[in-house]
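Hi everyone, thanks for making the time today. Let's have the structure up on the screen and walk through a few parts of it together.

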Amino acid sequence: MLYWWSKFVLLGPLMRVLCRPEIVGAENVPAHGGAILASNHLAVADSFFLPLMLPRRVTFLAKREYFTEPGIRGWLKKLFFTGVGQVPVDRSGGSAARAAMDTAVRLLGEGKLLGIYPEGTRSPDGKLYKGKTGVARMALEGGVPVIPVAMVGTDKVNPIGSKMWRPRKVRIIIGEPIDFSRYEGMAGDRFIERSMTDEIMYNLMELSGQTYVDMYAASVKERAATGGAAPAPARPGTRRPEANVPDSRAS
């Protein structure tokens with residue numbers, strides 16, 4: 001109830017008035033059945049605007065920390081994220097990563113529309129960073145298509161570090177579904193999963209117009225936190241994900 005109440009009464013109308021969001025390619029999202037929405041990630045606001053502009057309910061895997069903060073503020077956050085359909089996952093690795101994968105596959109098996117950020121974290125500077133292969137594993141184990149989604153302008157609405165949103169134009173571009181059924185039964189093959197992920201990131205780069213950097217965003221953030229030099233931006237046409245995915249099963 002809180003999901004739809006927030007979308008149509010509490011938050012949605014105000015978001016529409018202030019940011020005039022528009023969506024292109026909404027017809028590429030299937031009306032029924034499990035599917036993965038793989039999006040670039042510019043701001044926390046991404047997780048609000050994408051569900052707002054789609055008729056189907058979108059479920060995101062949210063980091064467990066959103067649900068475990070102590071005190072009244074933590075209780076309110078847990079109530080909110082639970083109410084809008086977010087599912088907590090432990091991202092610490094190992095068995096926790098497997099549990100998160102199992103949760104994702106279960107939701108896809110139930111016909112849910114699952115929102116995923118392949119970069120694993122928000123972009124620190126507006127560029128598009130290397131995707132993690134978990135999205136490929138989910139697609140293979142769930143047997144579902146991956147739909148690329150480009151968020152544009154949300155970093156202006158909700159800049160990193162800002163507490164208040166700003167009225168800026170938001171645009172969402174949804175690409176055609178990517179069918180990976182040719183790799184059925186190949187979950188766990190690192191070469192295949194890496195190639196699939198690069199294909200997804202290539203589509204995101206084309207849709208969003210972002211510069212691609214062949215590094216993980218989390219590594220860039222860690223380097224910045226320790227005073228390291230920022231990575232050199234990739235020029236258009238260089239250091240980008242491969243568009244063609246090999247059919248070989250070799251790893």
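Let's start with the sheet: seven strands form an open, mixed sheet in the order β1-β8-β7-β2-β5-β3-β4. Strands here are DSSP runs of E with at least two residues, helices are runs of H or I with at least four, and both are numbered from the N terminus. Two strands pair if DSSP finds at least two bridges between them. The edges are β1 (22-24) and β4 (87-89), each pairing on one side only. On average, neighbouring strands of this sheet are turned by 30 degrees against each other, direction ignored.

A quick word on the source: this is a predicted model, where local features need pLDDT of at least 70 and side-chain atom pairs count only at pLDDT 80 or more, while totals for chains, interfaces and linings use all residues. Residues are numbered from 1 along each chain as its sequence is written, and side-chain values use heavy atoms, with hydrogens and water left out.

Back to the sheet. In which sense do β2 and β7 pair? Strand β2 (residues 35-39) and strand β7 (residues 146-152) are parallel, with four bridges, and Ser-39 stands opposite Val-149 in β7.

Helix α7 packs on this sheet, touching β2, β3 (58-63), β5 (113-116) and β7; contact means heavy atoms within 4.5 Å. The direction of α7 makes about 165 degrees with that of β2. For angles, axes are lines fitted to C-alpha atoms, for helices over the stretch in contact, and the angles run from 0 to 180 degrees between N-to-C directions.

Now, α7 (residues 134-142) also meets α9 (residues 190-208): their axes come within 8 Å and cross at roughly 105 degrees. The two helices are therefore roughly perpendicular to each other, a label that covers 65 to 115 degrees. Val-135, Ala-136, Arg-137, Ala-139 and Leu-140 in α7 meet Glu-193, Met-196, Thr-197 and Ile-200 in α9.

Last topic, the aromatics. Rings of Phe, Tyr and Trp (its six-membered ring) pair if their centres lie within 6.5 Å, and by this rule there are five aromatic pairs. Phe-48 and Trp-165 have ring centres 5.5 Å apart and planes at 85 degrees, so they are edge-to-face, which is the label for planes over 60 degrees apart. Phe-48 sits in helix α3 (residues 46-52) and Trp-165 in the loop between α8 (154-157) and β8 (171-174), 117 residues apart. Together with Phe-49, Phe-48 and Trp-165 form one aromatic cluster.

Terms used: Angles under 35 degrees count as roughly parallel, over 145 as roughly antiparallel, 65 to 115 as roughly perpendicular and the rest as oblique. Rings of Phe, Tyr and Trp (its six-membered ring) pair if their centres lie within 6.5 Å; planes under 30 degrees apart count as stacked, over 60 as edge-to-face and the rest as tilted.
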